[in-house]
Amino acid sequence: MHTPSRRTLLRAPLAAAGVGLLPFRTDFALRPDHRPAGTTLGEAGLAPSEVGNYVNPSGPEVLAAERRRGSGPVRSFGFTAAESTLDLGGRTVRSWAYNERLPGPLVRITAGDVLSLTLANRLPAATTVHAHGVRLRNDMDGVPDVTQNATRAGADFTYRFAVSHPGTYLLHSHVGLQPDRALYAPLIVDDPREPLAYDTEWVVVLDDWVDGVDGSTPDRVLDQLTRGMRTSMPGGGMAMGPGRGSFPSGPSRVLRNSHSRLLESAGGSVAYPYYLANGRLPSSPPVFRCRPGDRVRLRILNAGSETAFRVALGDHTMTVTHTDGYPVEHTDTDALLLGMAERYDVVFTAQDGVFPLVALAEGKRGQALAVLRTDRGRSIPLGSVRPDELNGRVLPAHNLSPDESVALDEQEPDREMRIRLSGTMQRFDWSFDHQPYDPRRRHPVRAGERVRLTLINATDMWHPLHLHGHTFAMTGLDASGARKDTALVLPHRKLVVDFDADNPGLWMLHCHNQYHSESGMMTILGYLK
């Protein structure tokens with residue numbers, strides 16, 4: 001039976017009605033309604049792809065791993081994915097959002113809880129939710145054609161899984177270019193035995209924005225990038241859909257003549273018109289208020305689709321405490337570089353005054369802005385402000401050392417895997433090992449193995465690489481072992497990581513540049529039965 005491709009579904013026209021949104025704040029978090037443990041999971045989520053000699057995403061091995069994670073209190077939340085009118089702070093756009101908010105509502109639970117998240121799909125296309133960075137049961141991972149059938153328009157689906165590890169995570173759609181709309185939200189998992197001392201918390205979600213601006217949509221942008229390269233890929237996941245003549249392409253969003261010293265390449269391929277902090281433009285930034293002398297925990301999430309951000313807080317030194325949810329040895333820095341879907345937790349002592357938190361779009365033009373305020377007398381900085389700290393120390397992830405509580409023990413790998421990143425900016429034909437994505441193609445691992453994965457970047461572009469369902473240790477010659485689930489690999493360099501194969505299923509490995517993954521830079525790591 002023929003199933004419409006993701007990109008074909010994404011081309012459905014937007015409806016005209018919508019509701020204005022409030023700006024994102026952490027106190028808008030959804031509150032759990034403590035549904036009983038027997039809550040119905042909704043439609044069956046088994047995927048149509050062949051399992052063969054590999055573990056089934058809902059197989060007994062997966063259920064056994066879920067039981068080992070335990071079963072605490074059930075915390076229930078709901079997302080309604082629907083067409084929405086979004087206020088960016090002086091500019092209104094039409095897009096697709098969760099609960100008519102940008103970002104979507106903060107979901108907050110405690111390690112050991114069972115998260116029950118019901119997705120009500122009121123979009124004109126199928127969709128899913130992926131819990132980025134969370135070690136969860138495989139059939140709740142939200143990958144269409146692999147771990148579940150995407151939830152069709154008008155249907156509901158409940159994701160239900162135990163969450164055993166605290167940290168800062170991200171919820172987002174895993175269908176096509178939907179994450180480059182407003183289909184994302186922060187997920188914070190508190191530590192019931194939190195060792196970090198601080199007075200208050202600030203959550204900042206960064207994004208690059210194009211949807212609904214002067215006729216642009218993410219799919220039209222990808223058409224501009226891949227013009228003349230329309231090919232269909234097997235598995236129903238990557239077909240390019242109707243040709244460009246079926247709708248106006250809008251203004252060109254192709255980025256040209258870009259370069260970043262930190263990324264050793266172009267900053268990207270998409271020239272976004274806006275960069276946002278908590279859904280707001282720099283001309284109307286979100287303001288965080290606290291008292292002078294407060295110890296602040298700042299959680300920074302890059303929800304962007306094609307932009308790395310260099311982040312600094314004016315007149316402050318940041319102390320990095322966590323990356324991708326896992327603790328590290330505390331390290332001071334002036335600035336951080338966050339690739340797409342990376343998260344960092346830092347602490348700082350708030351000075352007296354008004355200070356810009358600037359997220360510079362690395363290698364591009366523009367920036368996002370949020371504001372720290374500890375007094376009432378001074379004006380908010382201009383949207384173009386550039387604190388000196390942006391040009392100070394920039395701490396790369398490979399220089400971070402893991403906290404001893406999460407460090408992988410030294411062990412020789414049982415299996416070594418080498419995957420080459422391929423593709424060019426000119427053809428926009430990104431892939432692994434020159435093979436476009438096919439959900440039936442898997443790289444085998446066995447439960448209980450220590451796996452060494454070497455990712456060789458043979459391209460002229462940088463890539464943020466993400467492994468689902470696991471965290472890895474950065475173990476290359478210049479790395480100190482920090483635990484992550486998403487990491488940058490620069491052009492003509494390699495990324496070497498180790499991980500324990502302790503979460504059975506079919507798990508995606510992909511570039512988290514949404515335009516690269518949608519062009520084919522995805523593959524599957526599969527546990528053998």
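**Entry 1: helix H2.** I began with the outward side of H2, where Pro60, Arg67 and Arg68 are exposed; exposed stands for over 50% relative accessible area, buried for under 20% and partly exposed for in between (1.4 Å probe, protein chains only). I note that this is a predicted model, in which local features need pLDDT of at least 70, side-chain atom pairs count only at pLDDT 80 or more, and totals for chains, interfaces and linings use all residues. Residues are numbered from 1 along each chain as its sequence is written, and side-chain values use heavy atoms, with hydrogens and water left out. Helices (H or I, at least four residues) and strands (E, at least two) are DSSP runs, numbered from the N terminus.

I then looked up the residues of H2 (residues 60–68) that are buried, and found Val62, Ala65 and Glu66. They cover an arc of only 100° around the axis, which puts them on the same side of H2; the arc is that of the directions from the helix axis to the C-beta atoms. The buried residues of H2 pack against strand E6 (156–162). Just after H2, I recorded a positive phi of about 90° at glycine 70.

**Entry 2: strand E1.** I found 11 of the 14 residues of E1 (residues 74–87) buried. I counted two strands as paired if DSSP finds at least two bridges between them. E1 runs parallel to strand E4 (residues 114–122), joined by nine bridges; alanine 81 has asparagine 121 in E4 as its bridge partner. E1 and E2 form a hairpin with four residues between them, and in the turn glycine 89 has a positive phi of about 100°.

**Entry 3: an open sheet.** I traced six strands in the order E11-E19-E18-E13-E16-E20, with mixed pairing. Strands E11 (287–289) and E20 (394–395) are at the edges, each pairing on one side only.

**Entry 4: nonpolar cores.** I took a core as a set of buried Ala, Val, Leu, Ile, Met, Phe, Trp, Tyr and Cys residues joined through side-chain atoms within 4.5 Å. The largest has 108 residues, of which Phe161, Trp202, Leu206, Leu372 and Tyr515 touch the most other members. E18 gives the most to this core, with four residues. Apart from it lies another core, of 19 residues, among them Val93 and Ile188.

Key
Contact = heavy atoms within 4.5 Å.
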